[in-house]
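Trainee: I have a structure to read and would like to learn how to go about it. Where do we begin?

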Amino acid sequence: MAISPADALAAVERSPAAVAAHDREAWVAAFTFDGLIEDPVGAQPHRGTTAITRFYNTFIGPRDITFHRDVDIVAGSTVIRDLELEVQMSAGLTMRIPAYLRYHLEDAGTELKIAELSAFWELPAMVGQFLRSGVRSVPATVVLSKGLLTNQGIVGTLGFLGGFRGAGPHGKRRFGEFLTAARAGDEVGVRRWLGGGTQITAGDHTPMSGTDLLNRLTGGRPRKVIGSGYSLVCGIDGATGRDVMIADVAAKPFTIRRIRYYAGTGRAI
């Protein structure tokens, strides 16, 4: 079934609406029964209604979260949202977290629901904000630690901390070199970082040639590069619109294994 952009955005919007209302039942109901959450990408995923409910109890319910949207891109059954998350951790501590969200939707019979939510944001950077807050972070640390252990257990807590692993600063620098070469139209420089079997798609599945990708990137201005696990995400401001690119990488040696390119319409929200 073809999904219209309006229907896709309406299905996605159920999530931040429920977050703002602190409505756990509505938030969990926005997902399919076997829905998958990676938040952040690189940490242990949460699959199914029970795990999604525990995720809400741990990370969402105790906090006030505001979604400051910049750009939405709809590509078939996938929505990419470029935004900043404002998270009030406690009365004296509010975090600002740059992020990209990827929602994959499925027809659940009578309505569209979220089958996959992938949240790309940098856990080490967030913890750095946290620590720089000094004594103001202590109450929030106690609440978060208790929530993790109560709802996720030891295994789940260690799984969340897995979000510290990933491409790291070295990978972001190499990705920056790739973007610089692409912006300059340097095909040799671009291919330096692509593995022999790099998969490139427009959206999630439509095959895209390396030449088409380079044409998209040449002259574009990269913005807001996020490293989350072994994925690197950036926005591209180009002549035809505001786009988002997700690159899945290997760290040692640095190689780009997969690229998904989501073309926007040029309209911010």
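Mentor: We begin with a word we shall need: Ala, Val, Leu, Ile, Met, Phe, Trp, Tyr, Cys and Pro count as nonpolar, Asp, Glu, Lys and Arg as charged, and the others, Gly among them, as polar. Keep in mind too that this is a predicted model.

Trainee: How many cavities of 30 Å³ or more are there?

Mentor: Rolling a probe the size of a water molecule over the atoms shows where empty space is left. Here the count is 1 cavity, and the volume of the largest cavity is about 430 Å³.

Trainee: Which residues lie nearest the centre of the largest cavity?

Mentor: D39, F59, I65, L85 and W121 do, out of 22 lining residues. By kind, the lining divides into 19 nonpolar, 1 polar and 2 charged residues.

Trainee: Which helices and strands each supply at least two residues of that lining?

Mentor: Among them are the helices α1 (5-21), α3 (49-60) and α5 (138-161). The strands β3 (64-75), β4 (78-90), β5 (93-107) and β6 (112-120) each supply at least two as well.

Trainee: Which residues have the most contacts inside the largest nonpolar core?

Mentor: W27, F31, F67, L85, M95 and Y103 have the most, in a core of 41 residues. Strand β5 gives the most to this core, with 7 residues. A second, separate core has 24 residues, including M208, L214, L232 and I256.

Trainee: What is Y103 in contact with, leaving aside its neighbours within four places in sequence?

Mentor: The partners of Y103 include V12, S15, F67, V79, R81, I114 and L117.

Trainee: Is M126 buried or exposed?

Mentor: Buried means under 20% relative accessible area. M126 has 11%, so M126 counts as buried. M126 sits in helix α4 (residues 123-132). Leaving aside neighbours within four places in sequence, M126 is in contact with M95, I97 and W121. W121 is also one of the residues nearest the centre of the largest cavity, and M95 is one of those with the most contacts inside the largest core.

Trainee: How many helices and strands are in the chain?

Mentor: The chain has 8 helices and 12 strands. Its radius of gyration is 19 Å, close to the 18 Å that the globule rule gives for 269 residues, so the chain is as compact as a globular protein of that length. Of those 269 residues, 48% count as buried.

Key:
Residues are numbered from 1 along each chain as its sequence is written. This is a predicted model: local features need pLDDT of at least 70, side-chain atom pairs count only at pLDDT 80 or more; totals for chains, interfaces and linings use all residues. Side-chain values use heavy atoms; hydrogens and water are left out. On a 1 Å grid over the protein atoms alone, a cavity is a set of points where a 1.4 Å probe fits but cannot get out, and a pocket is an open set with protein on both sides within 12 Å along at least five of seven lines; lining residues have an atom within 4 Å of a point. Grid points are joined across faces, edges and corners, and a volume is the space filled by probe spheres set on the points. Helices (H or I, at least four residues) and strands (E, at least two) are DSSP runs, numbered from the N terminus. A nonpolar core is a set of buried Ala, Val, Leu, Ile, Met, Phe, Trp, Tyr and Cys residues joined through side-chain atoms within 4.5 Å. Buried means under 20% relative accessible area, exposed over 50%, partly exposed in between (1.4 Å probe, protein chains only). Contact means heavy atoms within 4.5 Å. The radius of gyration is taken over C-alpha atoms; the globule rule is 2.2 Å times the number of residues to the power 0.38.
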